Amino acid sequence: MLVIGIAGGSGSGKTTVVRAITSQLSGRVVVIPQDSYYKDSSHLPLEDRQKINFDHPDAIDWKLLCQQIRELKQGKTVEQPVYSYITCSRSKTETVTVEPADVIIVEGILIFTCKELRDQMNIKVFVDADSDDRLMRIIVRDIAERGRTVDTAIEHYVDTVKPMHLQFIEPSKRYADIIVPQGGHNRVAIDVIAATVEKNLKKTRGKKARKTPPQA
C-alpha cells in the first residue's frame, strides 16, 4: 500500500491532478479529502460557525485523520466523517465507508503542515498555480458550492485565503517530493507521478510475493 499526499493552495487544481493520476493507475485507489476532517462545530451558533477560518491548521481534526490513515494501512475499514460547508458542521448520522486500497491519496491544502501525517506518506506532491488563476477558480467554486456572491468570495480571499496561503500553505511546499507547476494542466508531471507510483507499487507487490511462503 502506498500513501500519496497531494497538497497545494485553494484553486490550484489539486482535484484535477488527483483525477488524472487515479485514471492512470492500475491498482485500486481511494481518495481521502482533508475537507472531510474539519473539527465538528455543530455545538456553536451558525453565526459563529460561519466565522471559522477553514484555511488554518487548527481547523482540522488531525488526530482523527492520522488515526484513520494508520487504520487503512493496517488493512482496516474506516468510517470517514462528512462535513458540510453550508452548515459548517459535521454530520451526526452520515459517514462514508472507506476500505483499504493499493493506493491511498490524501488531498488538501494543509496536509503538509502536520508532521504526523507527512510521516505516513510515501510520496508528497505539491500542486502549484498562479495566484490569479487560483482566485478565479475560487470565486467560481465559492459561488457554486458555498453560497457566496462574487463580492463575498473576493472578500474572503483577501481576508482569509491569501494570508493563510502565505503563512501556512506556500511554506509547506518545501516538504514536497514533486512540485507540479501549472496545476492540472501539466500532463508531463502527471505522467511522471503515475509512473513513479506504478513503479513503487510493483516493488511493494514484489516484496509481498517474496514473503509469502509456498503452498504445500
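How many residues of strand β6 (residues 123-127) are buried? Five of the five are, so the strand is largely enclosed by the rest of the structure. Here, buried means under 20% relative accessible area, exposed means over 50%, and partly exposed is in between (1.4 Å probe, protein chains only). The model is a predicted one, where local features need pLDDT of at least 70 and side-chain atom pairs count only at pLDDT 80 or more, while totals for chains, interfaces and linings use all residues. Residues are numbered from 1 along each chain as its sequence is written, and side-chain values use heavy atoms, with hydrogens and water left out.

Back to β6, then. I123, V125 and V127 point one way from the strand, K124 and F126 point the other way, and all are buried. Strands and helices are DSSP runs numbered from the N terminus (E, at least two residues, for strands; H or I, at least four, for helices). Two strands pair if DSSP finds at least two bridges between them. With strand β1 (residues 2-8), β6 runs parallel and is joined by five bridges; G5 has K124 as its bridge partner in β6. Strand β7 (residues 178-180) also pairs with β6 in the parallel sense, over three bridges, and there F126 is partnered with I179.

An antiparallel case turns up with strand β3 (residues 78-84) and strand β4 (residues 89-98), which six bridges join. S84 has S89 as its bridge partner in β4. Four residues sit between the strands of this hairpin, and C88 takes a positive phi near 55°.

Now for a loop. D55 lies between α2 (46-49) and α3 (62-73), and it counts as buried because its relative accessibility is 6%. Leaving aside neighbours within four places in sequence, D55 is in contact (heavy atoms within 4.5 Å) with S10, I109, L110, H156, T160, V161, M164 and F168.

Helix α6 (residues 150-169) gives the largest share of the patch, three residues. I143 has its place in helix α5 (residues 131-145) and, at a relative accessible area of 39%, is partly exposed.
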